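Subject: Structure for your review

Dear colleague,

Please find the structure below, followed by a summary of what was found in it. I would be grateful if you could read the notes alongside the coordinates.

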Amino acid sequence: MALAEDKVRESLKQVIDPELYVNIVDLGLIYLVQIGEEKDDGRHDVRIEMTMTSPMCPAGPQLVAGTKSAAEELEEVDSCEVKVVMEPAWTPDLMTDEARDHLGIF
C-alpha cells in the first residue's frame, strides 16, 4: 500500500523544537515531503525539505536528526533524506493556529 504524505507528517509531529516546545510541523518548518516509488518490499524512500526559524538555529542538527529518525521509524519508510533550505525564509505566518496559541502569538 502506498505511503501517504499525511502519515509522514503525523510522525514528524513527535519532533519538538527544544526552545519553543512546539512540534516542527505546527511550527511550519516542513516545506516538502516527497514519497518515492514503492519498492519491491513495499517500502519507500522519503525526501524532506525543511527550514529553521533562523539561519543560526542552535537546535538545527537536533531537529534534522529527529526529522530523519521520525520518518524512518515508519514501517513503510526505507530511508529518509532531509535537506535544510532557507528559502523561502520561515515566518510566524507558517505556523498553525494551535502553535500560535501555544506561543501567545495572535
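Val33 has Ile48, in strand E2, as its bridge partner. This is a predicted model, in which local features need pLDDT of at least 70, side-chain atom pairs count only at pLDDT 80 or more, and totals for chains, interfaces and linings use all residues. Residues are numbered from 1 along each chain as its sequence is written, and side-chain values use heavy atoms, with hydrogens and water left out.

Strands E1 and E2 (residues 44-50) pair in the antiparallel sense over 5 bridges; two strands count as paired if DSSP finds at least two bridges between them. Helices (H or I, at least four residues) and strands (E, at least two) are DSSP runs, numbered from the N terminus. Helix H1 packs on the sheet, where it touches E1 and E2, and its direction makes about 130° with that of E1. Contact here means heavy atoms within 4.5 Å. Axes are lines fitted to C-alpha atoms, for helices over the stretch in contact, and angles run from 0 to 180 degrees between N-to-C directions. Helix H2 (residues 60-72) also packs on the sheet, touching E2 and E3, with its direction at about 155° to that of E3.

E2 and E3 run parallel and are joined by 7 bridges; in E3, Ser79 is the bridge partner of Asp45. Together, E2, H2 and E3 make a right-handed β-α-β unit (with the strands pointing away from the viewer, the path from the first strand over the helix to the second runs clockwise).

The 3 strands form an open sheet of mixed pairing, in the order E1-E2-E3. E1 and E3 stand at the edges with a single partner strand each, so one side of each has no neighbour in the sheet. On average, neighbouring strands are turned by 15° against each other, direction ignored.

Two backbone features deserve mention. Most residues other than glycine have a negative phi, and most peptide bonds are trans. Tyr21, although not a glycine, has a positive phi of about 60°. Tyr21 lies in the loop between helix H1 (5-12) and strand E1 (30-35), and is exposed, with a relative accessible area of 60% (exposed means over 50%, with a 1.4 Å probe and protein chains only). The peptide bond from Glu87 to Pro88 is cis, with omega near 0°. Pro88 is placed in the loop between strand E3 (77-84) and helix H3 (97-103).

Yours sincerely

Technical notes
Buried means under 20% relative accessible area, exposed over 50%, partly exposed in between (1.4 Å probe, protein chains only).
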